[in-house]
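Welcome to this short tour of a protein model.

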Amino acid sequence: MSEHDGLNVPRVRVVCATCGAVLRPLDPRCPNCPSALPRTEYAQRRFVTQDRGDIFRFAAWLPSAATTATPVGPTVFRSERLAAALGVADLSVAFSGYAPEIGACNATGTFKDFEALPTLLYLREHGCDRVVLASAGSTARAFAYAGTTLGFATTIVVPETAASSVWMPIPPSDSVRLIVLADSGDYAAAIRLAGLMAERYGLHSEGGARNVARRDGMGTAVLEYARVQQRLPRHYIQAVGSGTGGIAAWEAGMRLRASGFEGPLPQLHLAQNVPFTPIHDAWTSQRPIEPDRNVAGQLERIAAISAPVLANRTPPYDVGGGVRDALEATAGHTYAVTNAEVHAAQRLFEACEGVPIGPESGAALAALGQGVARSWIHPADPTLLHVTGNGDALLKRDFALHSVPTWCRVSAAGESGALRDLDRAFAP
Ligand SMILES: [Zn+2]
């Protein structure tokens with residue numbers, strides 16, 4: 001029996017990360033601090049897990065009461081060979097891709113699968129049945145898959161450079177609509193258009209960093225480490241675009257400590273890919289991120305990185321409960337990793353652990369190497385490396401991959417042109 005049984009306390013509340021005000025679940029904007037992120041607060045304070053192998057093992061700390069049968073969920077293993085190659089003694093890997101030989105069966109090959117299912121279940125629970133979101137690629141795949149498996153009306157906006165990477169291991173259902181921004185590589189433009197569409201066509205905006213279900217889904221990688229090893233990691237290493245994975249790890253760490261786990265919060269080590277490193281630049285120079293400054297120059301740098309999923313011009317950095325707060329609270333570090341370092345790290349991981357990893361995960365591993373070299377990470381410290389995705393090679397080996405067809409291709413030249421195209425497509 002859980003400690004809140006019999007009491008009139010909701011199983012989860014959404015609160016403001018800055019002032020603690022209780023917020024509306026679907027539109028969680030604080031009247032006192034409008035830019036602050038919302039955060040969940042669970043009535044169940046103890047760390048309890050269910051006897052099942054998927055992400056809903058952690059249902060007590062996911063915001064939807066409903067669950068679904070799914071292969072999606074975090075896998076954590078102790079590394080011997082990679083640890084030896086890096087000269088560290090206590091390394092674990094959270095492997096959130098697809099490699100059934102090591103127990104990882106995430107359907108679209110990245111930790112975005114952890115975000116999509118809890119989000120759609122949470123929206124459905126609150127009476128919402130149509131969602132729109134923007135993506136640079138892997139989020140689109142995960143939501144297309146979740147939308148198909150749950151029969152949820154899901155509209156996804158992607159820049160054209162990402163359109164060919166929207167596929168999944170089952171045939172997409174017609175509940176999924178892919179909107180392609182023609183001749184564009186700008187994720188920020190896709191975000192803007194998704195926002196306009198939400199208002200115009202009565203779709204619920206998925207919310208990105210403001211979506212608590214996404215962050216709590218991502219945080220399950222840290223929860224799985226705690227479940228398996230009955231302790232907190234001293235260090236948590238991940239490559240970031242928006243940085244929300246780092247925020248999620250911080251929040252999971254706080255939750256675990258409040259439930260009785262001892263030791264300091266896991267120290268965040270967040271990696272970005274040179275030459276596009278806005279979070280690293282802001283953190284190391286102690287200056288705000290300026291997403292609208294020299295956009296053409298930023299897009300040029302984005303086009304030059306090996307890990308395109310790390311290209312986010314508008315991360316929730318300088319907001320209450322955002323990336324800067326997470327770095328400050330955990331005495332964290334950021335890293336700038338070159339393409340050559342990314343590729344070398346990808347080769348090292350595959351040589352040591354026998355499975356391929358994606359470039360963003362290569363960036364995380366390269367950052368781990370830098371952290372050890374700078375003595376930010378002591379070789380004896382319990383360390384958790386998050387391999388957030390591993391590409392499509394093993395999915396292609398095991399499945400016929402189905403492209404999600406373009407439902408509407410719209411002009412990226414101006415928003416009015418795009419909306420004209422969409423008005424025609426959405427007309428009854
Ligand atoms: Zn507030």
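Which strands does helix H3 lie across? This is a predicted model, and in it helix H3, residues 138-150, lies across strand S8, strand S9 and strand S11. The helix runs at about 165° to S9.

**The sheet under the helix axis question**

Those strands belong to an open sheet of five strands, paired in parallel and ordered S12-S8-S9-S11-S18. Strands S12 and S18 stand at the edges, and each has a single partner strand, so one side of each is left without a neighbour in the sheet. You can find the strands in the viewer with this table:

| Strand | Residues |
|---|---|
| S8 | 130-134 |
| S9 | 153-159 |
| S11 | 176-181 |
| S12 | 204-205 |
| S18 | 406-410 |

Now zoom in on S11 and S18. Four bridges join S11 and S18 in the parallel sense. If you pick out Ile179, you will find that its bridge partner in S18 is Cys408.

**Two domains**

Next, step back to the whole chain. It is divided into domain 1, made of 75-107 + 213-395, and domain 2, made of 112-212 + 399-426. Taken over C-alpha atoms, the centres of the two domains are separated by 25 Å. Domain 1 brings 26 residues to the contact, and domain 2 brings 23 residues. On the side of domain 1 that touches domain 2, helix H6 (212-218) and helix H10 (295-303) each supply at least two residues. The largest share of that side, six residues, comes from H6.

**A look at Glu251**

Is Glu251 buried or exposed? Glu251 has 23 C-beta neighbours inside 10 Å, and the cut-off for buried is 20 or more, so this residue counts as buried. Glu251 sits in helix H8, residues 244-258. Leaving aside residues up to four places away in sequence, Glu251 touches Arg39, Arg215 and Gly219. Leu193 is 58 residues from Glu251 along the chain, and the C-alpha atoms of the two are separated by 30 Å.

**Helix H9 and its surroundings**

Finally, find helix H9, residues 278-285, where the buried residues are Pro278, Ile279, His280, Ala282 and Trp283. What do the buried residues of H9 pack against? They pack against strand S14 (267-273), helix H11 (323-329) and strand S15 (333-337). After H9 comes Gln286, which has a positive phi, near 55°.

Conventions. Residues are numbered from 1 along each chain as its sequence is written. This is a predicted model: local features need pLDDT of at least 70, side-chain atom pairs count only at pLDDT 80 or more; totals for chains, interfaces and linings use all residues. Domain bounds come from an automatic or database domain assignment. Two residues are in contact if their C-beta atoms, placed from the backbone, lie within 7 Å. Two strands pair if DSSP finds at least two bridges between them. Axes are lines fitted to C-alpha atoms, for helices over the stretch in contact, and angles run from 0 to 180 degrees between N-to-C directions. A residue is buried if 20 or more other C-beta atoms lie within 10 Å of its own, exposed if 12 or fewer, and partly exposed in between; C-beta atoms are placed from the backbone.
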